[in-house]
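Thanks for coming. I have one chain to go through this morning, so please look at the screen.

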Amino acid sequence: MSTRGLHAAQHRQQGFALLLMLIIVVLGSLYAVTSQLEVATRKYARDEVTLKALAMAKEALIGYAITYQDQHPSSTNIQVFGYLPCPDSVTGDGSVPSVSTVPNNCGSGDLAAIGLLPYQELGLPDLRDADGNCLWYAVSGTFKNNIKATSSVMNWDTQGQFSIVGTTVAPDQGDGGAAAVIFSPGVPLASQTRSQFPQPCNADPSQVSAYLDGNYNFATSATIQITPGVVKDSLGNIINNDRLMTWITPKEIFDKVIKRQDFSNPASASPAGQINYLTDEIRGALEKNIQDDLTNGTTTSQPIITGYSPQISGKLIGNLPAALTLYHTAYSNYYNNWSEQYRQIMCSSLTSPCLTVAGTPSCRGALMFAGRSANGQPRPSAQKTAGFANLANYFESIPGGGLDILNSAANTFPLTGSGSTAYSAANPSADVGVCLFPGAFVSLAQDFAAFNTGTVSSTGSGSPVASVNTSTPAINLGSTTLASRSGCVWFPTPISLGSMLRLYFKFRINTGSTGSGPGFTLALADASTNNVANTNPIMCGAASSTRLGYAGTPPSGSSAGIKPPKLGVEFDTSINSSRNDPSSDHFAFLYWGMAGDNSPTGTNTGDDDNTHYKGILGSGSEPLNPGPLSLTTATATPIATLAAATWSSGTVTATSAAPHGFATGQEVLISDTAAAGYSPGASPVPVTVTDATHFTYTLGSAPGAYTYGATASRSAITSSAAWSSTGGGTVTVTTQSNHGFSAGQFVNISGISPAGYNGTYQIVSIIDPQNFTYSLATNPGSYSADGYATATNKIVSATWAPATPSGIVTVTTATNHGLSTGEMMNIAGISPAGYNGSFPVTVIDSTHFTYPLTVDPGAGFTGGVFALPGIATVKSPYFPAGGLMPLASDIHVRLDISRTYDAMTKRATLTLKAYVDNQFPLADACSYTDFQNLTRDLPVFCPSRAPTIEQDNIVINDVNGPALASIYVGFTTARGSGSSDNQDISISNLLMRSQ
């Protein structure tokens, strides 16, 4: 081989070697890259497993917090939302033992707690991280549910206790720190030893330091710093591998809480919004304190003004009382947790209302609710100190804001606009203002001197029959002087009656040398036609026991002493046939009699003003006085119109169209105006109340045939209709699509021209899916315009039941409905009306189908004898039905009057409800203190108590102005010359509130 050839061979060998080395390098690089990708993929997959477990745990914990009240129901101590469960610090199986079983299993109040995630408590599966560890969980002492914090309260300003290193999550910063932290502990470090534990998690909850690496002290109320991620010491050793964790902030919890309807709804909605309900409870409690202060000259209604210095002239501004007696004590827990969000303003003098709040004038105070912070984050501790300087952290000085009325001389909320009177989730940071105790208030305790000057009496010998004892104080009615006399005690200043009057007093018919006498009247007289200062005639009735000082001409004049329009409640203890009295002592409303017997400006006597059944039924100028005690449909007062009634096994179940207001055992007259047979007779029957709109009564015989009022219907558009003489006259209808009807169904034909085709008919036959026939004797003519065929099927029963995700109604039809799943049906005629509407149905079988309905509409109806609608219920205007008025016993009286006025027709419409009682058994939730509480109409306090006497929709026309817009309130009596008219009645504790 030549040298040249040798060199060439050597070069080729070197090239092969270099190529081989390059291939080896490339293969090695590819292997390294592939290995790194595999490691990264495996690591990502492991992280994904852990992250999913953490995310599931977080969502479950937030769900627990926002449903805490649902999971801990109580009718005596309503829980607030926001609390988180204790960790599993004992068992190691994801459960939380009760405090009674394992005392202090969650540590003392205010202290954070640590342990395993309580997955059983949360309804979760056994969640684990990628290393097979159960998740660990730490809860702030401010958020744990047992034992709850004592140094902080639970609301949207509650701070978490954890600070997350490397983030802005810290107490008094950002979203308010972390309320809870969930850990994936990772593999043990070299310094950690984890013992075996005979429970599903195989982890001892007490070995915190063997799983979590931050050397944390959780048994503290101080801020706890949590370090996420890998941390190495100076030598590069890993000292913290709690790398994957998640946390929950207070803002995250309350962002969801405020969206709950039962948190933010109006107080009158269903479900009631608990913030607005609490506001109304606080308003009622503060108004009761104001009432007591006005009555007794005390200062129980003043706010806590510590820190609010100097005060603004004419107002007292500060925080709510630390403790406030709410009527519904179950809301006391809500008050304890949320009262820091409220501020209170009171006029310096309660007798001189000084504020206008959200359009309501003459307020004695204002209750202000701050709303959530503008950014939704908890307010830091530095912003919560009481005082004027911090009010701007809660309230705004903007149109609609409440800051001006709180920290300036302004007496109006808001300065511009109408202002908000209720919290709303749609605007959670808006300031809310509620007027406190507007209108007029009179009490005998404070105003006895005025009542004394308002005493009028006919002249004559002997002691007056009406006077004021200023030392007690009390109003005294009656005398033992055998001489005819009348007397009246009036509050001499007219009281405005815009929308309501509430009045309370108690009276006692004293015994001794006197008898029960004739009785007396509580009188309300129009101030535009009457004047207490009149001397001829005096503002009192005739000197005759039969008039009770309410009716007739006094000796000092020639015309009626108390002129109409007027109202009265008589407490009649003397039976007078000339007055059409029943044969017993009785209570009754009075108006005035026939116009021929009295007039506001004439000389007529008004002698028949307290004669029962005098006047004209339905008259706005001469309203009919209640009739005799024997009840008939004509003389009784309509109370509630029924929407439906069913009969089964001797019992009628009635559904009223509106709350009926009855009490179990009350005598109710049933006037059957629709389907014959539901009236038990001319006498009232005792009822058993089921709820506000349902009651039952006994009826021995079935009333008659089932009258269907509820239907399921669907429509099809017609394309033709043709008449033939076959079978006495038959119409064949063709529909544009499949009609889905069945033979025997009733079908309503509408919109076809000629109109002779239209009407309701029973289907005779189904020819095919688009053709059917019905009978019609007369030929309507040639079809010229399309219409609708609407088939109805009678509904036998409809019931609602809860279901996922909402609720479901199950319907039974009388005949084959012929429906298909998914078809839209129109449901009508069911009571309650919440069942009615158009819904997609799911077919069960030929006579049963279901449709979705989120909210329970109330009791549905089932088969049996059924009528719809038009049954009216009425009740007596008298109570008691017989017997004597109790003697030597305190009898408590409450009168609630509501009034509306129509300026176009110039008439006032009033509803009168009087409650009379001398016994309050322990079993009765209603007490005489409820009678005295004028902050609300009495049924709010005593929903089961029906009025003793009630008259609805009494219409009174104008006389010299808006009828009864301004009234005198007083007590009237009279006596004759005989000893049977001797009486001694004392009236005390009189309270009146009007608006």
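Among contacts (heavy atoms within 4.5 Å) between residues at least 6 apart in sequence, 68% join residues at least 24 apart. This is a predicted model, with local features needing pLDDT of at least 70, side-chain atom pairs counting only at pLDDT 80 or more, and totals for chains, interfaces and linings using all residues. Residues are numbered from 1 along each chain as its sequence is written, and side-chain values use heavy atoms, leaving out hydrogens and water.

The chain has 995 residues, 49% of them buried, where buried means under 20% relative accessible area with a 1.4 Å probe, protein chains only.

Next, the cores. A nonpolar core here is a set of buried Ala, Val, Leu, Ile, Met, Phe, Trp, Tyr and Cys residues joined through side-chain atoms within 4.5 Å. The largest holds 97 residues, and Phe-183 and Phe-218 have the most contacts inside it. Beyond four places in sequence, Phe-218 touches, among others, Phe-183, Leu-111, Phe-162 and Ile-226. A second, separate core has 48 residues, including Phe-587 and Ile-954.

Now the disulfides, meaning cysteine sulfur pairs within 2.5 Å. There are six. In sequence order, the bonded cysteines pair 1-2, 3-4, 5-6, 7-8, 9-10, 11-12. Cys-134 and Cys-201 have their sulfurs 2.1 Å apart, and the link is left-handed, at -90° about the S-S bond. Both of these cysteines, Cys-134 and Cys-201, are buried. Cys-926 and Cys-942 are joined at 1.9 Å, S to S; that link of Cys-926 and Cys-942 is right-handed, at 70°.

Technical notes:
Buried < 20%, exposed > 50% of the residue type's maximum accessible area, 1.4 Å probe, protein only.
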